[in-house]
Amino acid sequence: MKEDLVLPAPREAAEPGPDGDPLLVVKGLTKHFPVKGGFPIRRTVGQVQAVDGIDLTVHVGESFGLVGESGCGKSTTGRLITRLMEPTAGTISYRGRDITHAGRKQLAPIRSEIQMIFQDPYSSLNPRQTVGKIISGPMEINGIQPEGGREKRVRELLEIVGLNPEHYNRFPHEFSGGQRQRIGVARALALEPKLIVADEPVSALDVSIQAQVVNLLQKVQRELGIAFLFIAHDLAVVRHFSQRVAVMYLGKVIEVGDRESIYTRPRHPYTHALLSAVPEVNVAGAEAGPRERIRLAGDVPSPISPPSGCRFRTRCWKAQEKCATEEPPLVRISGNHEGHLTACHFPEDPTLEARGEDIVLDPALAALEEGHDDQGA
Ligand SMILES: Nc1ncnc2c1ncn2[C@@H]1O[C@H](COP(=O)(O)OP(=O)(O)OP(=O)(O)O)[C@@H](O)[C@H]1O
Ligand code: SF4
Ligand SMILES: [Mg+2]
């Protein structure tokens, strides 16, 4: 049987953090995908409301986690922010500039500052290019000539991400999944970005390797002062990494706050449910019995016709009539600390002070907290 370790309290995050200047401000961000149907003439018969009016702020140097079940709109949000996709509505401003509909030319100086790391380390690297070529690619495209040349810079980057600089001429297939994701990180770092959107960067990796890659990302975030939007469906990983966390459900942000608030004083029933899905064991020596586990009934409704009022109401054990008629606004409700916003008419009591001790991680992830070596993934 696998031995579960209790995750110790997270370390203090390095400054600057949530108190820094806003880097990215997203307001009312919306992406609807048309659904085509009909015969013989295909026409739009509905809209997938993938992202539906979300507000987010990521500060300079901050690590921000975005969490939710599959299909809730996390990747779409990431793609909108990195401008790989055009929003249906809403605004995105970066360092005070509205980039919502900025064209190629206007985006050029910003492109290098916002980078993305993808989930799949296999399909996101060109198999026909050497590591050197892959990592120097963004520098070439952007006409960047670092001091000492691109090759020297690539070797430095390889070293930063824990790879052997001598492997400059190797091809992606010669590396393991974890090592490939390190190459992806090196490529993202090549342009000295200010913001990295990491879309489930470790979920395709073995758990033991996940820990090492999360550790690397955390090192990069802290030492280089890069802000991260870290997308995950796993609250355990985000808890380790993020100073602030937003929880999404069916295209909406339903709760957001600093890590402490979200993990120890969650108010939204859905956040409770997600937290109770985090694997747990009895804390050694603790009196408490097994914590009650909330099972979410039913499937996530279709984002084509989401429930009226509160979108979570079809699965919520506290739902009342008001929940069907009135959409709960995302606001600071009574009992919440500053910056902790919840969208619920009948929130849970903020009584889960012991929650932090209940959350356990895989031993490999827990080992991270103890500062184990991150080399060689
Ligand atoms: N290009 C597209 N065309 C139509 N629908 C799309 C498109 N991309 C995403 N969707 C739909 O939008 C919704 C949100 O998708 P998205 O990929 O953003 O979710 P996610 O939270 O990243 O999920 P996962 O955890 O599975 O990666 C889903 O219902 C998805 O099917
Ligand atoms: S608003 Fe109503 S349905 Fe929605 S989470 Fe709160 S209690 Fe549940
Ligand atoms: Mg996704």
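A polar contact is a pair of N or O atoms within 3.5 Å; within protein, one atom must be able to donate a hydrogen and the other to accept it, and residues adjacent in sequence count only if both atoms are side-chain atoms. The structure is a predicted model, in which local features need pLDDT of at least 70 and side-chain atom pairs count only at pLDDT 80 or more, while totals for chains, interfaces and linings use all residues. Residues are numbered from 1 along each chain as its sequence is written, chains are lettered from A and ligands numbered from 1 in the order in which they are written, and side-chain values use heavy atoms, with hydrogens and water left out.

Start with the ligand. A polar side-chain atom of Lys-74 lies 2.9 Å from an oxygen atom of ligand 1. The backbone takes part as well: a backbone N or O atom of Gly-71 is 2.7 Å from an oxygen atom of ligand 1, and a polar backbone atom of Gly-73 is 3.0 Å from an oxygen atom of the ligand. Taken alone, ligand 1 exposes 640 Å², and the protein buries 62% of that (accessible areas come from the Shrake-Rupley method with a 1.4 Å probe; for residues, only the protein chains shown count as cover).

Which elements give two or more residues to the shell around ligand 1? They are β3 (43–59) and α1 (74–81), where helices (H or I, at least four residues) and strands (E, at least two) are DSSP runs, numbered from the N terminus. Helix α1 gives the most, with three residues. Around the ligand there are 13 residues, and Ser-70, Gly-71, Lys-74, Ser-75 and Thr-76 come nearest; a residue is near a molecule or strand if one of its heavy atoms lies within 4 Å of it. By class, the shell has five nonpolar, five polar and three charged residues. Here Ala, Val, Leu, Ile, Met, Phe, Trp, Tyr, Cys and Pro count as nonpolar, Asp, Glu, Lys and Arg as charged, and the others, Gly among them, as polar.

Now turn to the sheets. Strands of a sheet pair through backbone hydrogen bonds, either parallel or antiparallel. Two strands pair if DSSP finds at least two bridges between them. Strand β3 belongs to an open sheet of four strands in the order β3-β2-β5-β6, with antiparallel pairing. Its edge strands are β3 and β6 (97–98), each of which pairs on one side only. Within this sheet, five bridges join β2 (residues 22–37) to β5 (residues 89–94), and Leu-24 stands opposite Tyr-94 in β5.

Two loops of this region have features of their own. In the loop between β2 and β3 is Pro-40, and the peptide bond from Phe-39 to Pro-40 is cis, with omega near 5°. In the loop between β5 and β6 is Arg-95, whose phi is near 45°, a positive value in a residue other than glycine.

Another open sheet has seven strands in the order β7-β8-β9-β4-β10-β11-β12, with mixed pairing. Strands β7 (114–117) and β12 (341–342) stand at its edges with a single partner strand each, so one side of each has no neighbour in the sheet. Four bridges join β4 (residues 63–67) to β10 (residues 244–249), and these two strands run parallel. Gly-65 stands opposite Val-245 in β10.

On a 1 Å grid over the protein atoms alone, a cavity is a set of points where a 1.4 Å probe fits but cannot get out, and a pocket is an open set with protein on both sides within 12 Å along at least five of seven lines; lining residues have an atom within 4 Å of a point. Grid points are joined across faces, edges and corners, and a volume is the space filled by probe spheres set on the points.

The largest pocket holds about 680 Å³ of space. Its lining has 21 residues, with Arg-111, Gln-115, Ile-141, Asn-142 and Leu-191 nearest its centre. Helix α2 gives the largest share of this lining, four residues. The largest cavity has a volume of about 90 Å³.
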